[in-house]
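These are my notebook entries on a structure that I consulted for the first time. Each entry records what I looked up and what I found.

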Amino acid sequence: MESYVEHPPLPELATTVRTVWIQRTGGTAYVQRHLPTGGVEIHFPIGGRPQLLGPLTGPEVEVIPPHTTIVGVRFQPGTPPPLPTVLDDLVDQRLGLADLWRDSADRLVEAVALASTPERGLLLLQTELLKHFRRTGLDPLVGEAVRALMPWRPVNIDRLANHLALSSSQLRRRCQQAVGMSPKVLQRTLRFQGFLALAQAGATASGRRGADGMAGLAIDAGYADQAHLSRECLRLTGVTPSQLLGGAIERCLCGHDHSASYRPFLATRDRPLPVHDLFKTGAVRPS
């Protein structure tokens, strides 16, 4: 039977990697719908050729062959592995990791293939990532912008740029290079991820405006109403919220447990913004 299990990354990777996972298919091919998360992913079939999935702006449907085991890594927005190009060149693309990492990718393919278990292969992949991240620097202003654009508190993009001592066009350019999308598109993507995080956690709506169920969670995630959520869900996933969740709000139709991936979003829900005076300057609009 098909299975998918997420885990937190190694502690040393927690600021750059959102989650890691192992997926196994059974005797039949499995249709996987990949959704925009704001970050890039590495998909590493055991015994096969690893690929990097660039930042998505819409759904990508993949047919995974039978009897396939994949170890994977999902990165935080703005913290991709070292790449020979900027991320806006990789939007909605899937590339061979060997084309990006050359000899180190070939060595890693062999090591993962010879690993005694998928869990050991996933550990080897994370260990290799640690070596790469020691040799790269991340854009601190983009990192601060990403933290400010997490769901729960709608932030005005122009005021955020001003707070970071950047023009709006400079912030847009730096986000496109480091994240692969504009701040506004990232904000919308993270808002939807926030909704999915609440749904996955079985959260109870706050009751604001008298809404409950899916409508209440939509408002809690920053949408104007359930219709607003539905429009964004169609844009980002290609299906309606009910179709995506399979009629059960607490889990997606595939039945996978994504709690390890969504935990970082829920952790920001009650945490102050990293740029505290955005509240004082009016950059945050009342929800």
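Which residues form the covered face of β1, and which the uncovered one? I found Tyr 4 and Glu 6 on the covered face, with Ser 3, Val 5 and His 7 on the uncovered one.

**Entry: basis of the notes.** I am reading a predicted model, in which local features need pLDDT of at least 70 and side-chain atom pairs count only at pLDDT 80 or more, while totals for chains, interfaces and linings use all residues. Residues are numbered from 1 along each chain as its sequence is written, and side-chain values use heavy atoms, with hydrogens and water left out.

Entry: I looked up the strands (DSSP runs of E, at least two residues; helices are runs of H or I, at least four; both numbered from the N terminus). Six of them form an open sheet in the order β1-β2-β7-β4-β5-β8, with antiparallel pairing. The edges are held by β1 (3–7) and β8 (94–96), each of which has a single partner strand, so one side of each lacks a neighbour in the sheet. On average, neighbouring strands of this sheet are turned by 20° against each other, direction ignored. For such angles, axes are lines fitted to C-alpha atoms, for helices over the stretch in contact, and the angles run from 0 to 180 degrees between N-to-C directions.

**Entry: pairing within the sheet.** I note that two strands pair if DSSP finds at least two bridges between them. Strands of a sheet pair through backbone hydrogen bonds, either parallel or antiparallel. I followed β1 to β2 (residues 17–24) and found five bridges in the antiparallel sense. Here Val 5 stands opposite Ile 22, and Glu 6 has Trp 21 as its bridge partner. Continuing, I found β2 paired with β7 over seven bridges, again antiparallel; Val 20 has Val 73 in β7 as its bridge partner. On β7 I also found five bridges to β4 (residues 41–45), the two strands running antiparallel, and there His 43 is partnered by Gly 72.

How many of the seven residues of β7 are buried? I counted six, and the strand is mostly covered. Buried means under 20% relative accessible area, exposed over 50%, and partly exposed in between (1.4 Å probe, protein chains only).

**Entry: strand β3.** I examined residues 30–34 and saw the side chains alternate. I then traced β3 to β6 (residues 60–64), with which it pairs in the antiparallel sense over five bridges. In β6, Ile 64 is the bridge partner of Tyr 30.

**Entry: a helix residue.** I located Leu 125 in helix α3 (residues 118–133). Leu 125 counts as buried because its relative accessibility is 0%.

**Entry: positive phi.** Most residues other than glycine have a negative phi. I noted His 67, whose phi is near 55°, in the loop between β6 and β7 (69–75). His 67 has 67% relative accessibility and therefore counts as exposed. I also noted Asp 92, with a positive phi of about 60°, in the loop between β7 and β8. Asp 92, at 42% relative accessibility, counts as partly exposed.

**Entry: cysteines.** How many disulfides are there? Taking a disulfide as a pair of cysteine sulfur atoms within 2.5 Å, I recorded zero. I also looked up Cys 175, which is buried with a relative accessible area of 1%, and Cys 233, which is buried at 0%.

**Entry: the cavity.** My search of the whole structure gave one cavity of 30 Å³ or more. A cavity is a set of points, on a 1 Å grid over the protein atoms alone, where a 1.4 Å probe fits but cannot get out; lining residues have an atom within 4 Å of a point. The largest cavity holds about 40 Å³ of space, a volume being the space filled by probe spheres set on the points, which are joined across faces, edges and corners. I listed Leu 35, Pro 36, Thr 37, Gly 39, Glu 41, Leu 53, Gly 54 and Leu 56 as its lining. By class, this lining has four nonpolar, three polar and one charged residues. Ala, Val, Leu, Ile, Met, Phe, Trp, Tyr, Cys and Pro count as nonpolar, Asp, Glu, Lys and Arg as charged, and the others, Gly among them, as polar.

Key: On a 1 Å grid over the protein atoms alone, a cavity is a set of points where a 1.4 Å probe fits but cannot get out, and a pocket is an open set with protein on both sides within 12 Å along at least five of seven lines; lining residues have an atom within 4 Å of a point.
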